Amino acid sequence: MTGSARQIGRNARDGIYNVVYTKEAAVRLAGHLYYPGCLSLARKQTSATALASWERPADMPVRSPGRRWKPWEDRALLAHDDAASAAAELGRSAASCSVRLWRLKTGKARRPEDGPADT
């Protein structure tokens, strides 16, 4: 409905799901849920009405959605064990590869063999 993809996962502290919408997606979702005359709590309707007037500032760029890491990319990165050399092969920046490699090595990201098998 909003055109936004979400990565579903529980937070580390409580194990609950926190769903966050911001900017244009939040305006669209609030307009869909809190239309004029709908049955809602007054404070929620007030917030939705205030949100409806939000517009992106002229100096705020629209960020393209990030590229998710695929299992084969993780495997290639781990095989290289060097962010700079893997960057060219993967078509990513050395900084992106460096952070991902650190996350894989420290357990902050699931290693490809630990996750579901896909290409």
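This report walks through a predicted model, looking at its helices, a loop and a few individual residues.

## About the model

Residues are numbered from 1 along each chain as its sequence is written, and side-chain values use heavy atoms, with hydrogens and water left out. Because the model is predicted, local features need pLDDT of at least 70 and side-chain atom pairs count only at pLDDT 80 or more, while totals for chains, interfaces and linings use all residues.

## Where helix 4 meets helix 5

Let us start with a pair of helices. Helices here are DSSP runs (H or I, at least four residues), numbered from the N terminus. Helix 4 covers residues 83-90 and helix 5 covers residues 94-106. Their axes come within 8 Å and cross at roughly 115°; such axes are lines fitted to C-alpha atoms over the stretch in contact, and the angles run from 0 to 180 degrees between N-to-C directions. The crossing of helix 4 and helix 5 is right-handed. A crossing gets that name if the near helix is turned clockwise from the far one by less than a right angle, and is left-handed if anticlockwise.

Which residues in helix 4 and helix 5 meet? On the helix 4 side they are A83, A84, A86, A87 and L90, and on the helix 5 side A94, C97, S98 and L101; contact means heavy atoms within 4.5 Å. The residues of this contact divide into eight nonpolar, one polar and no charged. In this scheme Ala, Val, Leu, Ile, Met, Phe, Trp, Tyr, Cys and Pro are nonpolar, Asp, Glu, Lys and Arg are charged, and the others, Gly among them, are polar.

Helix 3 spans 71-80. Its buried residues are P71, E73, D74, A76, L77 and L78, where buried means under 20% relative accessible area, exposed means over 50% and partly exposed lies in between, using a 1.4 Å probe and protein chains only. What covers these buried residues includes helix 4 and helix 5.

Phi of D81 is near 55°, a positive value in a residue other than glycine. D81 counts as partly exposed because its relative accessibility is 43%.

K23 lies in helix 1, residues 23-33. Phi of K23 is also positive, near 55°, and K23 is not glycine. Is K23 buried or partly exposed? With 36% relative accessibility, K23 is partly exposed.

Moving on, S47 belongs to helix 2, which runs over 42-52. S47 has a relative accessible area of 48%, so it is partly exposed. From S47 to A30 there are 17 residues in sequence and 8.8 Å in space, C-alpha to C-alpha.

## The loop between helix 2 and helix 3

P57 is found in this loop and is partly exposed, at 35% relative accessibility. P57 and T22 lie 35 residues apart in sequence and 14 Å apart in space, C-alpha to C-alpha. D59 is in the loop too, and its relative accessible area of 69% makes it exposed. Between D59 and A12 there are 47 residues in sequence and 34 Å in space, C-alpha to C-alpha.

R68 also has its place in this loop and is exposed, at 53% relative accessibility. Leaving aside residues up to four places away in sequence, R68 touches Q7, E73 and R92. R68 is 11 residues from A79 in sequence and 19 Å from A79 in space, C-alpha to C-alpha.

## A charge over a ring

What lies over the face of W69? R92 does, at 3.9 Å from the ring centre. A charge sits over a ring if NZ of Lys or CZ of Arg is within 6 Å of the ring centre and within 35 degrees of the ring normal. R92 is also one of the residues that R68 touches.

How values were computed. Helices (H or I, at least four residues) and strands (E, at least two) are DSSP runs, numbered from the N terminus.
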